Amino acid sequence: MSLISTLARLEAVSTGRAQPAATVRHRHLGDRPLVFVPLTTAGEAGAPLGALVGTDRDAPRLLAVPQPRDRDLRFAFLAELADVVLPYVDSYADAVEAAERTETDPETGKRVKVEVDLCADAPQLIVPSRAGIDLVRLLGRSMRFRRTAEQDPEAPYPAPPRVPLLGRWLTHFGERARVPGSSLLLAMTDVLGRHWVTGQSTLEDQHLGALLAWIDPPQGVTGAEAALRAELERDAQGQLTCPPAGPATDPAFDNKLLAPAIERYDRARTALSAAEDGLEADDRLGALSAAEREIRDLVLSRTRPTWDAVWRGLDLLRELPEGARVEERWTRDRWSFTGHRDRVLAGEPPQPRRDDAVTAANKLATREREQARLEAQEALDDPLVMAGRRLSGEAFAGEVTDVVMAYSEGKRPSPRPLVTVRTDDRPYLGERTKVYRSLGGKPQSAEFVADEEDGALVVLRILDKMGRGKEPEPGSVPEKGDRICFTLFEHEQRGGAKLPDPEETPWTHGGPPGEAALEAADPVTEEDVL
Amino acid sequence: MPPPRTRGTALRHRLAELRGPDVPAKALDARALAALAANPGCARRAILDGAGVNKAALASALGSPSAFGQSQFALTRGNAFEAKVKADGGAELLRLVHEKLDRSAEPPVEARVPDLTATGPRGRTARTELELREATAHPGAWTLLDHPMLALDVAGSPAFLEPDAVVVHPDGSWTVVEIKSFPLLDGSADPAKVGAAARQAAVYVLALEELAARLGAEPEGGTARLGAEPEGDAAPLGAEPEGGTARLGAEPEGGAARLGVEPEGGAARLGAEPEGGTAPLGEEGDARADGTGVPVPRVRHRVLLVCPRDFSNLPAASAVDIRKQRAVTARQLARLTRIEDVADALPEGTCFSPELPAEALAAAVESVPATYAPECLSACELAFHCRTRSRQEGAVTSLGRPVRAELGGLTTVEDVLAAARGEAGDPDDPAVAALRRAAALRAEALEAACR
């Protein structure tokens, strides 16, 4: 955390309201995001209890598992979830635009441009908290190796038809969420925490209710008071008035409300199966559906406040103007979505449990590159982020006080003007350190020549983006009186060295992966939980 | 040598007074002991834990009840899984121990599973000790101790600990087994949960090592008394190297050495005390005595963590090296002994009984300094109370330890903001200069954004 955000945090404490940590929105928000508020059962490895899901804030779809230990009910939940998520994902798969991609020609080995489809937009999943992202990944892992009755008639507990496909998509969303700056799957607490700093610790910011209370407190209440209420206030029954955003539930809710309700449901079910005639069965069926409705109401009562909170967070975020380079990063998300769509269409097997060496190395390299890109782009989009970089000596801003024309030596002299900038910043400049500024969206580079007056004046030599002629193109060289900002970090990220093809994996990394074996489904047992 | 027993009795008496009349001491469990490692500098937590105060009740009496609770679903599931792992006389559990930790040994076919029931924690501890001695004295067989009870001396009062299981290998060494209900998914589990399990297991290992040192010293007659002293209230850990030294002194020369043992043991003990945690680490290698002496049973520093595999209820196991956690916990426990100093600094008549009125309790709690940080929220029942206080004082640590670290000597919100605004603080102080620069840059950026 930079000193600037620490300062903002302290200001939030003294003013009782969250302070801006960004002046623009650094994440893409689609027109029609799919919000997913899941709940799980304590103690089980993510066994679902219920969820609210949908794209319409006024009409969420409620899913509930009245007995989380029952496999059929869990499968019914997953099938229902697939009915909501897959049509939503599919609705983005068909609208495509033409795009170009460089690929290596398999015969000549040359890099050639290929015309391919790129989905015009991509689906976007929003969950309340970081734990929600973990659950999406876990659900994906639990479903993608399942076998349906069609795939394998021998499977002991066949999954409903579209469940394995849902698993592959959720896995893709979960993996993509690990790439810095991506917006396919977002956690609301993370995004809000990126744009505002509150008067509490980042640990406490993980509570969505408390975080929103700081950012947008109710009339006449300070953020601190509202946050405290969101964290701790309980009603007469001892239940939290602002339930945790999940997926874990409050133990008091489990013990006092949920457990008795599940017990009633179990009893009603046993009674129904013991019914002796139709009339009795009818009555008992009524009792069973009443018990089920009770659990659905309980799930709704715990998820609805979070659902509303997520949408409120979206409203707040939409008030911020989108950063200039957000669109470019979203295009990468669209590529990622298109790529996975193609893999599914081509009938490729689900993502493996463990990546092979080349895939893993590629993923890591991508994440590192995207992290560097995100940091650079956020700074260029947002003066407040740039202020942090200036404070840490990675950038400087100031006014041009002098421009002296100079030329490179050589047969065809090119312009190499010397620009003097007066700055209050203290960048870490060494001899011939390269610095960059944004010129019409493209980086122009310069090198450090000398400083005067104890660092207050910085002399730079502009190196490129001035055209081919002897005289620089108009507007390509700063003029006296201009206010400009240079960074010490590069604006665009270059990829690292190319990795070998999977068949060329050296023995140090496990050797070639060999024939891709179809991964077996998880063995199912009587007592599975997911 | 100072008479430790008297000193210890006095401390125990003093701690009982702090707890309040007729309030039973809340036994320290492994989880609480391990949590001490999270914030060892907190005198408040140290004295309240040391005195066996029920912090949850105290927090409720203070008006800031803790938010800890366990869902009955988690509890049921945990118990069901443990029962499954230990079914059939622990056959599956022993198979996992053999496979993951001791493949060179005979596979466990028939294992002894002694009955450890007894009345009261002391009775169960004695029973456990007896069975462990028995199992160690007859090597060559596997023994599974299901829910043994171990005593660890914590700052003058014994804490009773109940590991899920302890296994005695055919070579006489001991392994702690932790059974948890979070899943091992594709061979990996949540690192935070594994860390917590490892810290908990480390406490069991420490308790076992203390017991092992005692058993190892016992048959030597004269040394037995030394070995028995670890209740020696001042330093629970001081007891450990002591066992070690006594053994070293006693073994090589047999009978002749025995004469020299007592004074030497005493001297070694004084020297060993301050080192507390570090000394026993070196012990592992030479756990078996060379020659004639009785071997000190080796407590393995790799524990077995048993979790459900993937999404099933089938057990999967992994060996976890807990040397680091063990060293940290040992050091923290050694530091805990300083609760004596904390207790001495308290005003006369201080009492933490939950029956007292809230103001009196608040004053009592206030008389011990706390070092609150947001991490406390997940580890300490009193955290909400301390947080309120910390916020009232405007302490910057309530925003997180890293925040505090950035601000140099400025510790309150008002100080920092005044320094940033240029109203206070020495401009030559680098922390103040950086703050002013940050404030100026921030204001400039926000202004630019508004335009």
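The centres of domain 1 and domain 3 of chain B, taken over C-alpha atoms, are 37 Å apart. This is a predicted model, in which local features need pLDDT of at least 70, side-chain atom pairs count only at pLDDT 80 or more, and totals for chains, interfaces and linings use all residues. Residues are numbered from 1 along each chain as its sequence is written, and chains are lettered from A and ligands numbered from 1 in the order in which they are written. The model has an ipTM of 0.85 and a pTM of 0.85.

**Chain B: domains and confidence**

- Chain B has domain 1 (15–68 + 338–383), domain 2 (72–329) and domain 3 (407–450), with bounds from an automatic or database domain assignment.
- The average pLDDT (the predictor's confidence in each residue, from 0 to 100) of chain B is 77, and 79% of the residues score at least 70.
- Over residues 220–293 of chain B, pLDDT stays under 50, and the model has 123 contacts beyond four places in sequence for them.
- Where pLDDT is low, the predicted coordinates should not be read in detail.

**Where chain A touches chain B**

- Contact (C-beta atoms, placed from the backbone, within 7 Å) joins 44 residues of chain A to 42 residues of chain B.
- On the chain A side, the elements giving two or more residues are helices H1 (3–15), H3 (130–144), H8 (251–273) and H12 (383–391); helices are DSSP runs of H or I with at least four residues, numbered from the N terminus.
- H1(A) gives the most, with 10 residues.
- This side of chain A has 21 nonpolar, 11 polar and 12 charged residues; Ala, Val, Leu, Ile, Met, Phe, Trp, Tyr, Cys and Pro count as nonpolar, Asp, Glu, Lys and Arg as charged, and the others, Gly among them, as polar.

**Helices packed on H9 of chain A**

- H5(A) (residues 188–195) packs on H9(A) (residues 278–318) at about 30°, with axes 10 Å apart; axes are lines fitted to C-alpha atoms over the stretch in contact, and angles run from 0 to 180 degrees between N-to-C directions.
- H5(A) and H9(A) are therefore roughly parallel (an angle under 35 degrees).
- Met188(A), Val191(A), Leu192(A) and His195(A) of H5(A) meet Val310(A), Gly313(A) and Leu317(A) of H9(A).
- The residues of this contact are five nonpolar, two polar and no charged.
- H6(A) (residues 208–215) packs on H9(A) at about 40°, with axes 10 Å apart.
- Leu208(A), Gly209(A), Leu212(A) and Ile215(A) of H6(A) make the contact with Thr306(A), Ala309(A), Arg312(A), Gly313(A) and Leu316(A) of H9(A).

Technical notes: Angles under 35 degrees count as roughly parallel, over 145 as roughly antiparallel, 65 to 115 as roughly perpendicular and the rest as oblique. Two residues are in contact if their C-beta atoms, placed from the backbone, lie within 7 Å.
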